[in-house]
Amino acid sequence: MTGIPAVRAQSDLEIIRPIKCLSRAEIEGRLREAGISWITDKTNLEDKYARNRIRHNILPEAEGVAPGAVKHICEVAAQLAETEQLLEELEKDCLRDCISESESDSKISLDALKLSKYHTVIRNRAILTCLKKLGGGKDKHQVLRRLFQYFQKGIEGGQGEHMHLVDDIDSLF
């Protein structure tokens, strides 16, 4: 949703892109002014990868149709990155409040009543995070379908009923 972050961890390395907001031409211009040489990764010149086809074909076309389009896309991407940070924080709060994990038997329990008080977007993100934690070859669509059916039934049916949803996921309604 937000593209490559300005800072991300990769193995034992922290990759920082402090000039992500600048175009290639701006970066190269500044390097020339400062007398600094650089190396261009040859794969960035090929249209083999989708990111390069976008850079070489779609973005120039967008600029031709609507000058400033790339700048606006970058601004929206920055706004989406901020929104994603907020959603991550709200999701973490939701997980702390509504989810309990059993380390002894690798199960996750959901408190549907508490979960129901969160916005649907946050609720869905929390549920997907639980499913990702469980991993494996589960049919996630089947799990989600059952979870949402039970979730609705539990909300309408009151409190305190324990329901086994699938494999390692239980819920208390």
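Helix axes here are lines fitted to C-alpha atoms over the stretch in contact, and angles run from 0 to 180 degrees between N-to-C directions. With that settled, I started on the helix pairs.

**Entry 1: ground rules**

I am working on a predicted model, where local features need pLDDT of at least 70, side-chain atom pairs count only at pLDDT 80 or more, and totals for chains, interfaces and linings use all residues. I number residues from 1 along each chain as its sequence is written, and side-chain values use heavy atoms, with hydrogens and water left out.

**Entry 2: α2 against α3**

I looked up the packing of α2 and α3 and found an angle of about 115 degrees, with the axes 8 Å apart. That makes α2 roughly perpendicular to α3, a label that covers 65 to 115 degrees (under 35 is roughly parallel, over 145 roughly antiparallel, the rest oblique). Leu59, Ala62 and Glu63 supply the α2 side of the contact, while Ala69, Val70, Lys71 and Ile73 supply the α3 side; contact means heavy atoms within 4.5 Å. By class I get 5 nonpolar, no polar and 2 charged residues. For the classes, Ala, Val, Leu, Ile, Met, Phe, Trp, Tyr, Cys and Pro count as nonpolar, Asp, Glu, Lys and Arg as charged, and the others, Gly among them, as polar.

**Entry 3: the whole chain**

I stepped back to the fold and counted 6 helices and 6 strands. Helices (H or I, at least four residues) and strands (E, at least two) are DSSP runs, numbered from the N terminus. Along the sequence, the order is β-β-α-α-α-β-β-α-α-α-β-β. The chain exposes about 12300 Å², with carbon and sulfur atoms supplying 55% of it; the areas come from the Shrake-Rupley method with a 1.4 Å probe.

**Entry 4: helix α3**

How far does α3 reach from its first C-alpha to its last? I find 42 Å for the 30 residues of 69-98, close to the 44 Å expected at 1.5 Å a residue, where the expected span is 1.5 Å times one less than the number of residues. Its buried residues are Ala69, Glu84, Leu87, Glu91, Cys94, Leu95 and Cys98. An α-helix has 3.6 residues a turn, so residues three or four places apart point the same way. The cover over the buried residues of α3 includes α2 (50-65), β3 (99-102), β4 (107-111), α4 (112-115) and α5 (120-134).

**Entry 5: α3 meets α5**

The axes of α3 and α5 come within 9 Å and cross at roughly 70 degrees, so α3 is roughly perpendicular to α5. By class, this contact has 8 nonpolar, 1 polar and 4 charged residues. From α3, the residues are Glu84, Leu87, Glu88, Leu90, Glu91, Cys94 and Leu95; they meet Val121, Ile122, Arg125, Ala126, Thr129 and Cys130 in α5.

Leu87 is buried, at 17% relative accessible area, and its C-alpha lies 8.7 Å from that of Arg125, 38 residues apart along the chain. Glu91 is buried too, at 9%. Beyond its neighbours within four places in sequence, Glu91 touches Ile122, Arg125, Ala126 and Thr129.

Not counting residues up to four places away in sequence, Asn44 is in contact with Arg24, Arg51, Asn52, Arg55 and His56.

Conventions
Buried means under 20% relative accessible area, exposed over 50%, partly exposed in between (1.4 Å probe, protein chains only).
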